[in-house]
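Walk through this predicted model one contact at a time.

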Amino acid sequence: MAAVPAGAALAINLAVGAASASLTAVCVAPLIAAFDEAITRSASGDENLWTALGTRLRSIATQPRDFLRSAAFKWMWIVYAATYLTANSLKTIETAVGRNFGFATTLAVTIVNMSCGIAKDSAYSKLFGCED
């Protein structure tokens with residue numbers, strides 16, 4: 001079997017990391033989105049925390065297709081997919097170049113996570129907050 005050129009191997013590894021980030025985000029986003037929505041609704045005074053959480057978890061279980069199309073899921077997916085994609089990509093590049101980027105990796109992942117998280121929180125407040 002012929003060896004894969006270094007550039008092609010890097011591209012393959014980055015693609016695998018991207019697929020992994022996307023799939024992992026799909027797996028974790030539903031539960032975290034349910035909690036986040038319940039907290040936002042509770043903080044706005046719309047619903048009791050446990051009532052809101054129960055309602056959302058039931059709707060995820062009974063109408064998963066609707067949930068996967070919802071803004072709540074999409075925003076949470078973006079946060080986790082972008083965070084994991086950044087971490088996976090930087091780790092792949094570190095391995096390819098034989099260097100550890102150290103704090104720069106941590107900083108990059110933190111900036112991506114915080115930026116996406118703030119955007120998601122802003123969207124959630126508009127989606128689930130009180131209508132003053």
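Alanine 33 touches Phe67, Ala72, Met76 and Tyr124, leaving aside residues up to four places away in sequence.

Now look at the largest nonpolar core. It has 13 residues. Ala33, Phe67, Met76 and Tyr124 are the ones that touch the most other members. Which helices supply at least two residues each? They are H1, H2 (49-62), H4 (71-97) and H5. H1 gives the largest share of this core, four residues. In general terms, nonpolar side chains tend to be buried together in soluble globular proteins.

Next, the helix pairs. Two packed helices are described by the angle between their axes and the distance between the axes.

Take H1 (residues 6-43) and H5 (residues 103-128). Their axes come within 9 Å and cross at roughly 60°. H1 is therefore oblique to H5. The crossing is right-handed. On the H1 side, the contact uses Ala33, Asp36, Glu37, Thr40 and Arg41. H5 contributes Lys120, Asp121, Tyr124, Ser125 and Phe128. By class, this contact has three nonpolar, two polar and five charged residues.

H1 also packs against H2. The angle is about 145°, and the axes are 8 Å apart. Here too H1 passes H2 in a right-handed crossing. H1 residues in the contact include Pro30, Leu31, Ala34, Phe35 and Ala38. From H2, Leu49, Ala52, Leu53, Arg56, Leu57 and Ile60 take part. How many residues of each class does the contact of H1 with H2 have? The count is 11 nonpolar, one polar and three charged.

Note on methods:
Residues are numbered from 1 along each chain as its sequence is written. This is a predicted model: local features need pLDDT of at least 70, side-chain atom pairs count only at pLDDT 80 or more; totals for chains, interfaces and linings use all residues. Side-chain values use heavy atoms; hydrogens and water are left out. Axes are lines fitted to C-alpha atoms, for helices over the stretch in contact, and angles run from 0 to 180 degrees between N-to-C directions. Angles under 35 degrees count as roughly parallel, over 145 as roughly antiparallel, 65 to 115 as roughly perpendicular and the rest as oblique. A crossing is left-handed if the near helix is turned anticlockwise from the far one by less than a right angle, and right-handed if clockwise. Contact means heavy atoms within 4.5 Å. Ala, Val, Leu, Ile, Met, Phe, Trp, Tyr, Cys and Pro count as nonpolar, Asp, Glu, Lys and Arg as charged, and the others, Gly among them, as polar. A nonpolar core is a set of buried Ala, Val, Leu, Ile, Met, Phe, Trp, Tyr and Cys residues joined through side-chain atoms within 4.5 Å. Buried means under 20% relative accessible area, exposed over 50%, partly exposed in between (1.4 Å probe, protein chains only).
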